[in-house]
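Please look over the sequence and the structure shown below before reading on.

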Amino acid sequence: MGKIAIFGGTFDPVHWGHLLMAQTAVSQFGLDKVIWVPDPSPPHKSQRVSVDCERRREMVNRAIADRSDFVLSPQQDDPTGTSYAIETFLYLQRINPDAQWYWIIGSDAFQTLPQWHRCLEISQLCYWLVAPRPYQREDESGDLQTTHFHIKQIIEQMATLGVPIRLSVLEMPGIGISSSLIRQYCLNGRDLRYLVPETVRTYITAQKLYQPQPQT
């Protein structure tokens, strides 16, 4: 039995903050594998993704190419274009039936868990590894109070439904990099060096991704 974590997200685009989250989870919990799952069209996202899933998958593939313990999820047939986390989990579980399962997630996305499709089911099927957001401050004891406050709220919401959640907060520094920031840098013609892996930066440049829309 191995320890496998799912790391889902739009990765629009993938950046160093994502890689730090995955590496922290591996080192802190002794994970054997992290399966990266770019969402085709995540239903809980209020905004649509900027780049199609095929190219977002390619960026993730380039970002993790030097790590044997980081793998890209097999692409599923999804005629509806809607991706639900529970379906992804059950699909990967069938492929790895004896694994001990974890789920890597940012604290902002974790707050949406009660709205997930079949949330009562998926919340109990894995151990949650929650990454703090960079704006959250530590108190004198070093605890991430804002993170803990939001997590406590989610635990209480799920408890009212009779669902216990197993989780830990990842011990990592706050990194002020986000996909939306990178997209904005692209719109402004700013260099992405040191925000994303070099292979991702060159791909974005070559594909002319996240550029201003032509005026009509």
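**A guided reading of the model**

Strands β1 and β4 pair in the parallel sense over five bridges; two strands count as paired if DSSP finds at least two bridges between them. Helices (H or I, at least four residues) and strands (E, at least two) are DSSP runs, numbered from the N terminus. The model is a predicted one, in which local features need pLDDT of at least 70 and side-chain atom pairs count only at pLDDT 80 or more, while totals for chains, interfaces and linings use all residues. Residues are numbered from 1 along each chain as its sequence is written, and side-chain values use heavy atoms, with hydrogens and water left out.

Strand β4 covers residues 100-106, and six of its seven residues are buried. Here buried means under 20% relative accessible area, exposed means over 50%, and partly exposed lies in between, with a 1.4 Å probe and protein chains only. Residue I104 of β4 can be followed in both pairings: I104 is the bridge partner of F7, and I104 stands opposite L129 in β5.

Consider next helix α8, residues 198-207, in which V200, R201, Y203 and I204 are buried. Why do the buried residues of α8 line one face of the helix? Seen down the axis, they fall within an arc of 165 degrees, so they share one face; the arc is that of the directions from the helix axis to the C-beta atoms. The face turned away from this buried side carries the exposed residues T205 and A206. The buried residues of α8 pack against α2 (53-63) and α7 (179-187), where contact means heavy atoms within 4.5 Å.

The loop between α7 and α8 holds D191. This residue is partly exposed, with a relative accessible area of 44%. D191 touches Y185 and R201, residues up to four places away in sequence not being counted. A polar atom of the D191 side chain lies 3.0 Å from the backbone nitrogen of R193. Such a polar contact is a pair of N or O atoms within 3.5 Å; within protein, one must be able to donate a hydrogen and the other to accept it, and residues adjacent in sequence count only if both atoms are side-chain atoms. D191 and T205 are 14 residues apart in sequence, and their C-alpha atoms are 9.8 Å apart in space.

Another helix, α3 (residues 85-95), contains T88. T88 counts as buried, at 5% relative accessibility. Leaving aside residues up to four places away in sequence, T88 touches V37, Q76 and S83.

Most residues other than glycine have a negative phi, and most peptide bonds are trans. Which peptide bond is cis? The bond from D12 to P13 is cis, with omega near 5 degrees, and P13 is placed in the loop between β1 (3-9) and α1 (16-29). Positive phi values occur at several residues. R118 has a phi near 55 degrees; R118 sits in the loop between α4 (107-110) and α5 (119-125) and is partly exposed, with a relative accessible area of 37%. K208, which follows α8, also has a positive phi, near 55 degrees. For Y210 phi is near 60 degrees. Y210 is found in the segment after α8 and is buried, with a relative accessible area of 8%.
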